[in-house]
Amino acid sequence: MEASSSAQAKIADIREKLGREVRVFETSSISQRPIQVSSAEDESDDFYEFTPADYYRLLATKKEDKSLKTRKLREAEEAARRSKLTKAVIRVRFPDNHTLEATFHPSEKIQGLIDLVRRVLAHPDNAFYLYTTPPKKQIKDFSQDFYSAGFVPGAIVYFANDQPKDDGASSTPYLNEEILSLKNLEVMTKAEEPVESSSEPATVDSGPVPVEHEPKSTEKKTTKPKWFKM
């Protein structure tokens with residue numbers, strides 16, 4: 001347990017130095033994730049069930065004159081949407097298959113991400129840039145906040161530099177030793193975590209779980225009703 005406590009203390013120390021929560025892991029060891037994290041993944045099946053009330057509400061919305069929405073009302077709605085989002089989880093992928101994950105507030109500027117990446121590089125003096133894909137688009141407006149850039153609730157960006165590939169630099173890590181140590185430190189803390197007993201059987205992620213089909217009489221209707229015509 002002492003090794004685990006020491007590892008946790010080192011992780012906390014590094015995060016305190018950087019001023020935010022960060023993680024480092026091997027990209028090849030995790031499943032590929034989409035570039036943008038959709039908040040719709042958290043919705044239940046009931047969210048997608050189309051009812052007659054939804055149909056008439058949709059018709060009413062179509063008839064509504066959009067010009068009736070005042071600028072202040074639109075701004076209030078936008079502010080309400082932003083207030084519900086409290087963090088932006090950004091993953092920076094490096095050519096050597098390491099990924100740096102950092103958490104920002106949606107109102108923070110992208111300049112904060114640039115500054116963070118420079119602080120964790122093994123060679124911070126070398127020029128670099130970040131880009132998104134597809135299509136490949138270099139991030140140039142550092143004054144934009146994460147929400148306006150579409151990086152909320154999360155995004156994956158890629159690291160690149162203009163260093164020649166044949167100078168031997170490609171074989172050296174892009175991240176400095178202290179940041180790379182986070183990968184091993186987190187492994188140590190997880191390895192020594194006590195296993196909590198539970199009355200429920202543990203689930204093993206060894207493949208797709210067979211789905212038990214319910215009788216047709218109790219199945220949910222997730223398709224549009226036949227009477228719905230647009």
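Me: What makes the link between the side chains of E101 and R91 a polar contact?

Reply: Their distance is 2.7 Å. A polar contact is a pair of N or O atoms within 3.5 Å; within protein, one must be able to donate a hydrogen and the other to accept it, and residues adjacent in sequence count only if both atoms are side-chain atoms. So 2.7 Å is inside the limit, and the pair makes the list. Mind that this is a predicted model, where local features need pLDDT of at least 70, side-chain atom pairs count only at pLDDT 80 or more, and totals for chains, interfaces and linings use all residues. Residues are numbered from 1 along each chain as its sequence is written, and side-chain values use heavy atoms, with hydrogens and water left out.

Me: Why is E101 called buried?

Reply: Its relative accessible area is 11%. Buried means under 20%, exposed over 50%, and partly exposed in between (1.4 Å probe, protein chains only). So at 11%, E101 is buried. Leaving aside residues up to four places away in sequence, E101 touches E21, V22, R23, F25, V89, I90 and R91 (contact means heavy atoms within 4.5 Å). E101 sits in strand β3, residues 98-104; helices (H or I, at least four residues) and strands (E, at least two) are DSSP runs numbered from the N terminus.

Me: Is T132 buried or exposed, and how do you know?

Reply: T132 has 17% relative accessibility, so it counts as buried. This strand β4 residue touches K137, I139, F151, I156 and V157, again leaving out residues up to four places away in sequence.

Me: And what puts N161 in its accessibility class?

Reply: N161 comes in at 24%, so it goes down as partly exposed. It belongs to strand β6 and touches A127, F128 and Y174, not counting residues up to four places away in sequence. N161 and Y129 are 32 residues apart in sequence, yet their C-alpha atoms are 6.1 Å apart in space.

Me: How many aromatic pairs does the structure hold, and why is the one between Y129 and Y131 called what it is?

Reply: There are seven. Rings of Phe, Tyr and Trp (its six-membered ring) pair if their centres lie within 6.5 Å; planes under 30 degrees apart count as stacked, over 60 as edge-to-face and the rest as tilted. Y129 and Y131 have ring centres 6.2 Å apart and planes at 45 degrees, so this pair is tilted. Y131 and Y158, at 5.6 Å centre to centre and 25 degrees between the planes, are stacked. Y131 is in strand β4 (residues 128-132) and Y158 in β6 (residues 154-161), so the pair ties together parts 27 residues apart in sequence. Elsewhere, ring pairs join F94, F128, F159 and Y174 into a cluster.

Me: What makes K136 sit over the ring of Y131?

Reply: A charge sits over a ring if NZ of Lys or CZ of Arg is within 6 Å of the ring centre and within 35 degrees of the ring normal. The charged end of K136 is 4.5 Å from the centre of the Y131 ring, and it counts as sitting over that ring. Y131 itself is buried, at 16% relative accessibility.

Me: How do you know where the buried residues of helix α4 fall?

Reply: In α4 (residues 110-120), the buried ones are I110, L113, I114, L116, V117 and V120. Viewed down the axis of α4, they fall within an arc of 165 degrees, so they line one face of the helix. The arc is that of the directions from the helix axis to the C-beta atoms.
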